Amino acid sequence: MTNKISGGDYQPCAKMREYEIKIRERLTEKRYEHVCAVRHCAAELAKIHGLDRENAELAGLLHDYARDMDPEQLLAIGRSRNLITCKVEEQFPILLHGPVGAALVEEELGVAEVQVLEAVALHTVAGPAIGRLAQMIYIADLIAAGRDFPGVDYLRSLAVTNLRQALPACIASSIRCCLERGRLIHPQTIEAWNYYSIERKE
Ligand SMILES: [Fe+2]
Ligand SMILES: [Fe+2]
């Protein structure tokens, strides 16, 4: 997948420009490059698969809003807003940057689109029966320009040709990566794998 958005008549709205500035202030330069890559990838996938492009760009731009926060901060916000769902998150608070980011973009930026908030919240761990935008952002986060791991090109081609198959393939890749590194696996990711791998076979 290229890092270009084709169909050049699209102009980001003023709100999006305001978000770009806010995101840039919160993230390291490298992380900002990553969110831009995810935004471009999401826009391209939205065009191919008929999803709303503005929401795709918005979710791509905002998905790592809380990614550069300290683990202690993530835990404190997660606890204060009842966002913690399991012990894995207590042990690896970085997993909370999705749900915490969704809470913060709603509160601090006034983002109200439910699909966008879901996509931000679930982009790291996924989950069963998630919306199409959330599926696409989960995939885009994994395959956007700058990602480099064995099998990423296969996932990129699958995302273009068959989003439904790309999701369980991306979930499997994430789980494999956790296993190889001896990391815990979030229960929602396992649920997502069971849900989407069964759906794929039906
Ligand atoms: Fe993230
Ligand atoms: Fe990301």
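**Stop 1: α4 and α6**

Helix α4 passes α6 in a left-handed crossing. Select α4, residues 71-80, and then α6, residues 97-109. Keep in mind that this is a predicted model. Two packed helices are described by the angle between their axes and the distance between the axes. For α4 and α6 the angle is about 65°, and the axes are 10 Å apart. That makes α4 roughly perpendicular to α6.

Now show the side chains where the two helices meet. From α4, pick Leu74, Ile77 and Gly78. From α6, pick His97, Pro99, Val100 and Ala103. Colour them by class: five are nonpolar, two are polar and none is charged.

**Stop 2: α3**

Move to helix α3, residues 53-62. Select the buried ones: Ala56, Glu57, Leu58, Ala59, Gly60, Leu61 and Leu62.

What do they pack against? Their partners are α1 (14-26), α2, α6, α7 (114-122) and α8. Show these helices around α3 one by one.

Stay on Ala59. Leaving out residues up to four places away in sequence, Ala59 touches Ala42, Val116, Ala119, Val120, Leu133 and Ile137.

**Stop 3: the nonpolar core**

In soluble globular proteins, nonpolar side chains tend to be buried together. How many residues does the largest nonpolar core have here? It has 57. Select the residues with the most contacts inside this core: Ala42, Ala59, Leu62, Val120, Met136, Ile139 and Ala140. Which helix gives the core its largest share? Helix α8 does, with nine residues.

**Stop 4: α2 and α8**

Next, select α2 (residues 29-49) and α8 (residues 132-143). Their axes come within 9 Å and cross at roughly 130°. That makes α2 oblique to α8. The crossing of α2 past α8 is right-handed.

Zoom in on the contact. On the α2 side, find Val38, Cys41, Ala42, Leu45 and Ala46. On the α8 side, find Met136, Ile137, Ala140, Asp141 and Ile143. By class, nine of the contact residues are nonpolar, none is polar and one is charged.

**Stop 5**

Phi of Ala126 is near 60°, a positive value in a residue other than glycine. Phi of Ala129 is also positive, near 50°, again in a residue other than glycine.

Ala129 has 10 C-beta neighbours inside 10 Å, so Ala129 counts as exposed.

Gly131 is found in this loop too. Gly131 is partly exposed, because 15 other C-beta atoms lie within 10 Å. What does Gly131 touch, not counting residues up to four places away in sequence? Its contacts are Gln115 and Glu118.

Now draw a distance line from Gly131 to Arg17. These residues are 114 apart along the chain, and their C-alpha atoms are separated by 26 Å.

**Stop 6: α9 and α10**

Select helix α9, residues 152-161, and helix α10, residues 163-180. Their axes come within 7 Å and cross at roughly 155°. Angles over 145 degrees count as roughly antiparallel. Therefore α9 and α10 are roughly antiparallel to each other. Their crossing is left-handed.

Show the contact. Leu155, Leu158 and Ala159 of α9 meet Leu163, Gln165, Ala166, Ala169, Cys170 and Ser173 of α10. In this contact, seven residues are nonpolar, two are polar and none is charged.

**Last stop: Arg164**

Finish on Arg164, which lies in α10. Is Arg164 buried or partly exposed? With 13 other C-beta atoms within 10 Å, Arg164 is partly exposed. Arg164 and Tyr196 are 32 residues apart in sequence, and their C-alpha atoms are 8.4 Å apart in space.

Definitions and conventions
Residues are numbered from 1 along each chain as its sequence is written. Chains are lettered from A and ligands numbered from 1 in the order in which they are written. This is a predicted model: local features need pLDDT of at least 70, side-chain atom pairs count only at pLDDT 80 or more; totals for chains, interfaces and linings use all residues. Axes are lines fitted to C-alpha atoms, for helices over the stretch in contact, and angles run from 0 to 180 degrees between N-to-C directions. Helices (H or I, at least four residues) and strands (E, at least two) are DSSP runs, numbered from the N terminus. Angles under 35 degrees count as roughly parallel, over 145 as roughly antiparallel, 65 to 115 as roughly perpendicular and the rest as oblique. A crossing is left-handed if the near helix is turned anticlockwise from the far one by less than a right angle, and right-handed if clockwise. Two residues are in contact if their C-beta atoms, placed from the backbone, lie within 7 Å. Ala, Val, Leu, Ile, Met, Phe, Trp, Tyr, Cys and Pro count as nonpolar, Asp, Glu, Lys and Arg as charged, and the others, Gly among them, as polar. A nonpolar core is a set of buried Ala, Val, Leu, Ile, Met, Phe, Trp, Tyr and Cys residues joined through C-beta atoms within 7 Å. A residue is buried if 20 or more other C-beta atoms lie within 10 Å of its own, exposed if 12 or fewer, and partly exposed in between; C-beta atoms are placed from the backbone.
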